Amino acid sequence: MTRTVGKDIATPTRTKEILEKYGFSFKKSLGQNFLIDTNILHNIIDAAELTKEKAAIEIGPGIGALTEQLGRAAGNVMAIEIDQRLLPILEETLAPYDNVEIVHGDVLKLNLKQLIADKLAGYQKVSVVANLPYYVTTPILMKLLEERLPLEHIVVMIQKEVADRIAAKPGTKDYGSLSVAAQFYAEAEVAMVVPASVFIPKPHVDSAVIKLTIREKPVVQVEDEDLFFRVVRACFAQRRKTLLNNLMSGLFAKDQKEEVIQLLGRVEIDPTRRGETLRIEEFARLANEVFRTKIIR
Ligand code: SAM
């Protein structure tokens with residue numbers, strides 16, 4: 001892809017220049033680790049498959065390092081930033097991009113469906129592309145997935161450990177309720193692993209870019225989504241326990257043990273298995289049978 005040659009924000013020199021000009025100090029509590037490597041940004045943009053006919057949502061633009069690349073690659077960009085101190089900086093750094101709009105707020109509190117309808121109307125394809133604040137990675141991802149936003153891809157920099165959990169397969173140590181949730185709504189792949197040296201300040205954990213391609217409909221059919229996720233969470237509650245014991249402590253009363261064993265028999269799942277060995281189809285079968293028999297009191 002050809003790229004506009006400009007004075008990129010994401011270089012150590014330019015970033016320091018901007019930070020010094022505004023006397024900006026990083027707030028650790030807001031997960032502020034800014035990217036200073038344009039190659040990494042180009043790889044993120046390529047993974048997101050953006051074109052001028054598509055729109056992008058960025059969460060946490062910082063001083064605009066990724067935002068300006070999004071402005072070049074996408075038709076329209078909405079960037080949501082919580083830190084008021086960054087607003088005047090962004091106004092200056094993103095001045096050349098009239099297709100970028102900054103929204104001031106906490107992404108976890110905003111009505112994203114409404115914002116997409118208001119600000120990105122006319123775009124068939126919208127993707128979230130971001131270097132996420134690590135202290136809220138999972139709540140942000142769960143919000144993006146659970147609210148069934150009309151998204152094509154979610155391409156985000158996160159802690160490598162969380163990326164591994166999201167993309168994990170059954171029977172592995174990383175497989176858990178986050179892997180099942182991600183798989184329910186999306187296809188997940190780790191697009192790249194990223195060294196700490198591309199950030200300022202350097203984070204204390206390894207990072208990776210995860211690419212989620214949102215499914216048109218969930219990969220399994222479930223009768224009741226809340227119940228499905230309650231069953232999934234219960235099965236993973238204590239990894240050393242059997243599936244039966246986890247289900248009994250999380251969802252059922254003591255005197256229902258026989259009923260639960262029979263239910264597991266009907267869906268052909270061995271009660272002595274561990275939760276981490278179940279495939280998503282098995283979780284769905286189990287949850288649908290719990291729903292059908294209404295045995296939760
Ligand atoms: N995109 C920039 C970059 O890559 O250089 C900055 C990324 S930095 C890891 C995370 C950004 O998210 C910061 O600018 C921080 O202020 C912002 N942020 C933190 N919590 C947020 C929240 N709840 N809602 C919106 N933005 C948030």
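Select the ligand and its shell: 23 residues surround the ligand, and the closest are Leu35, Gly60, Glu81, Asn131 and Tyr135. A residue belongs here if one of its heavy atoms lies within 4 Å of the molecule. The model is predicted, with local features requiring pLDDT of at least 70 and side-chain atom pairs counted only at pLDDT 80 or more, whereas totals for chains, interfaces and linings use all residues. Residues are numbered from 1 along each chain as its sequence is written, and side-chain values use heavy atoms, with hydrogens and water left out.

Colour the shell by class next. The shell has 12 nonpolar, seven polar and four charged residues; Ala, Val, Leu, Ile, Met, Phe, Trp, Tyr, Cys and Pro count as nonpolar, Asp, Glu, Lys and Arg as charged, and the others, Gly among them, as polar. Strand E1 (34-35) and strand E3 (76-81) each supply at least two shell residues; strands are DSSP runs of at least two residues and helices of at least four, numbered from the N terminus.

Then display the polar contacts (pairs of N or O atoms within 3.5 Å). A side-chain N or O atom of tyrosine 135 is 2.8 Å from a ligand nitrogen, a polar side-chain atom of asparagine 131 is 2.9 Å from a ligand oxygen, and a polar backbone atom of valine 107 is 3.0 Å from a ligand nitrogen.

Finally, select asparagine 99, in the loop between helix H4 (87-93) and strand E4 (100-104). Asparagine 99 counts as buried because its relative accessibility is 15%, where buried means under 20% (1.4 Å probe, protein chains only). The side chain of asparagine 99 reaches the backbone oxygen of glycine 75 at 3.4 Å.

Technical notes. Polar contact = N/O pair within 3.5 Å; in protein donor to acceptor, adjacent residues only side chain to side chain. Buried < 20%, exposed > 50% of the residue type's maximum accessible area, 1.4 Å probe, protein only.
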